[in-house]
Amino acid sequence: MTDPQPSAGLRAVDLHKAFADTRAVDGVSFDVQPGGILALLGPSGCGKSTTLHLIAGLETLDSGSLLWNGQDLSGVAPHTRGFGLMFQDFALFPHMNVTQNIAFGMRMLGQPDDNIRQRVEAMLDLVGLTGFGARAVDELSGGERQRVALARSLAPRPRLLMLDEPLGDLDRALKEGLMLELPDLLDELEQTAIYVTHDQEEAFAVADRVLVLNRGRVEQLDTPEALFRRPASPFVARFLGLDNLIPGRVLREGSGWAAETELGRFPVQAEAEGQITLLIRPDAATLDGEDGPSVLGGVVERSFRGSQIRAVIETTSGQRLTFVFSFWEGFPEVGAQVRVALDPSRAFQVLP
Amino acid sequence: MTQSAAEDRAPTLRARVPWRRHLLWLAPLIFLALFYFYPMASILGLSLSRSPQGLLGGFVTFFTTGRELGVLGFTLWQAGLSTLLTLAIGLPGAYILARYRFRGKDLLRALTGIPFVLPTLVVAAAFNALLGPSGWINTGLMAAFHLPAPPLTVVHSLGAILAAHVFYNTTIVLRMVGDFWSHLDPRLTDAARVLGASRWRALREVGLPLMLPAIATASLLVFLFDFTSFGVILVLGGPRLATLEVEIYNQTVNLFNLPLAAALSIVQLAATLTMTVAYTRLAARVSRPLPLKAQRVTQRLVTGRRSRLVVGIVAGLLLLVLTSPLAALAARSLARLGPQRQAASGPLFTLDYYLHLNQNPQGSLFYVPPTEAIWNSLTYAGATVVLALALGLPAAWRLAYDSGSRLNQWLDPLLMLPLGTSAVTLGFGFIVALDRPPLDLRASPWMVPIGHTLVAFPFVVRSLTPALRSIQPRLRQAAAVLGASPRQVLRHIDLPLVGRAVLVAAAFAFSISLGEFGATSLIARPEHPTVPILIYRFLSRPGTLNFGQAMALSTLLMLVTGGGMLAIEHLRIADVGEF
């Protein structure tokens, strides 16, 4: 395997876009390597869709630059960029049937009819809609529309495929099925892609790198595992469902460092003293352990999740912390007082 | 338990009440029978009757004289050309109103709505004020280059007719296409763009096909209005350019060839009814399911040089086309212009034309002072409001509550028939049918308000029905359960909710009556003219004072009807009203 050239693929440098009163995209930079899949993850209104529209050329940049294989895209019209975009609610053309929708992009390229016909059949097979070609768009179910939209954006062989919340409105069962299929499909086609979503599970399942956006700014750009292992900010931690965040102070303690909080003093990895937010990971807790760091509190919520039990503990200082325990530990009922032992090697992380 | 008991009782209630409720249809139907179907049948009878040319004489003349076929040809030609020009101005306008948010947009929208409600005679006068021999442009050129005669002869040409029609009907395109366009998801064309379609190709392949029903409906309506246009062509077309409508008037009033006029009316009626049916069919198709979006999503601010340029040019053009004639009219009514001014060289500004409205300078026996015409118009308009509401309310009530019933499915289009009949045909029908027993109304002062009511009736029904329909029966049931008697329900629930719609309907009836010219020109008695009739008389007489008085009267009428339109826009509840 050879290293791709540094300039291959898409490079976004310091993108800025403001609408009347808001900075929708505020200094966003990233690369997408050929064949790579980047997820843009963030709550609604964080600038994900605007970023896609900038890349597609549907919006113009206020400042910053977009490069494809080192070539500047400014001034290149949307229809000549060779990028595909699958819209949030699909935007299928209601006056065309399934075949006509899928064929549209290839017709625009002026491809011969025979090629188009073959490619449409191939795309229908690919997305599992063989024989659906003559259907009207409004006869399709939500999942079928989603597949047609995918086929339509893949058919002209885009250099870069962008998917804007492609599983957004689908029901849960359908969504989980497609979440497994989609990465396989994109891998198989070696399709370079940018995938926009507000759902972390979706981002982790589909992408090889994840960019977390908040109010138009980049919070973190990492592989899914690194992101989950070391969230870079309280925002990212909270967005990933890591809610045990306590204000505190880092102090030198012997040869190492400790975080001083209202719950006590915990050993941490750090580089300097100062105000921090301490993250206590919910999955690094047990009920047994005799010594080592721990928190005391009463059980206020307890929910059974199959192999896990999720519990909320309220400490004497009134802080609520969420933990996940193994089912086999036999967790006490609501109202009981417990001592939660925390694994010092992985329970604590210092966030700015 | 109680609910099922109520449901058990409901069918018997429903079965017993209808025949009494159907009595509400009585007045509107008798009115239509007497004043629409009877006159139309009389026209048909006359057209089929024996004349000097033999049996079916009118039709024989129509098909054998080149003149009459030429008139039909010209009617179609000018209507087609007017429609194309209206689309050329209206579609870019619809685009900017649909896709952009900008400062002054509400004002632009309101201003562009005014021409549509102006009386035809006011529009004709406005174009005279701008382009006529004593209009701003000609007098300006004469003064600048010391010319002895007006250099431009725009009036009495096809150009003037086309300009007036574009002025009149651009609003229809702006509203019908613009409203539809503003709810069309812009991501559909974005999707086409990303799939490799250029801006124009995306519009052609995706935008236009989706908007085609709306464009076709608007075009058909514009064509229908241009086809039946009367006042504009009578004044601006001059003696040589005649449409079917003008020809019916000429044959009736000037040549007394009633069988030919009747044949022409039947041709006109057949054409307009065909177009009306086509229009309703098409309008029903516009409502086909499309992923419509809120304007919040589809509209964007004007940013960037390109869109600023497009919005600026189109908005400027719209303003120029739609307001310059009106401004010219108002200014012309206050200005002393023309050869007399050079001789007298008095001040440019004058109130003379308004001050003379109450005088009879020549002491002429047949002269009617304009103030008297204003009084006539207001009286007729008041009577029209009363009549149209008295007939329209019961009809709208029945249409709203039994919308599914078979009777209503028959009656609904029947009530709309007068809408598809040209005003001159209606007036001609009155002349033919109502001047001899059993119904001799020749001398009756009710003749004009009845004619106006016929024209206003479909508008009144169309604006009342949706409002009545919007009151859910639940509200009435809730009020009844809370102890309200039927009369209290009517007073506290129905009337407040319908009140605005009644006001809108009344304003429609009032405006229509004030401006009506086609039917009035045939049925009003010469000694009791309305304001539009008097404007026509002033415009067809020579002299600066006559022209100035036509301008002054038109300006007054424009202010009243324009104000009425703004009131309607203001009162109309969002999305209520089926236009």
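## Reading domains, an interface and a bent helix

Reader: How is chain A divided in this model?

Author: Chain A has domain 1, residues 10-239, and domain 2, residues 245-351. Keep in mind that this is a predicted model.

Reader: What separates the centres of the two domains?

Author: Start with the C-alpha atoms of each domain. Their centres lie 39 Å apart in chain A.

Reader: How many residues are in contact between domain 1 and domain 2 of chain A?

Author: Domain 1 gives six residues, and domain 2 gives five. Now sort the domain 1 side by class: three residues are nonpolar, one is polar and two are charged.

Reader: How do I read the contact between chain A and chain B?

Author: The size of an interface is often given as the accessible area lost when the parts come together. Here we count residues instead. Chain A brings 20 residues and chain B brings 21. On the chain A side, strand 6 (83-86) and helix 2 (98-108) are the elements that give two or more residues. By class, that side of chain A holds 14 nonpolar, five polar and one charged residues.

Reader: What span does helix 22 of chain B reach, and what is expected?

Author: Compare the end-to-end reach with the expected value. Helix 22 covers residues 447-470 of chain B, 24 in number. From first C-alpha to last it reaches 35 Å, close to the 34 Å expected at 1.5 Å a residue.

Reader: Where does helix 22 of chain B bend?

Author: At Ala456(B), by about 45°. A proline, Pro458(B), follows within four residues.

Reader: Is helix 22 of chain B mostly covered or mostly exposed?

Author: Mostly covered. In helix 22 of chain B, 20 of the 24 residues are buried.

Technical notes
Residues are numbered from 1 along each chain as its sequence is written. Chains are lettered from A and ligands numbered from 1 in the order in which they are written. This is a predicted model: local features need pLDDT of at least 70, side-chain atom pairs count only at pLDDT 80 or more; totals for chains, interfaces and linings use all residues. Domain bounds come from an automatic or database domain assignment. Two residues are in contact if their C-beta atoms, placed from the backbone, lie within 7 Å. Ala, Val, Leu, Ile, Met, Phe, Trp, Tyr, Cys and Pro count as nonpolar, Asp, Glu, Lys and Arg as charged, and the others, Gly among them, as polar. The expected span of a helix is 1.5 Å times one less than its number of residues. The bend at a residue is the angle between axes fitted to the seven residues ending there and the seven starting there. A residue is buried if 20 or more other C-beta atoms lie within 10 Å of its own, exposed if 12 or fewer, and partly exposed in between; C-beta atoms are placed from the backbone.
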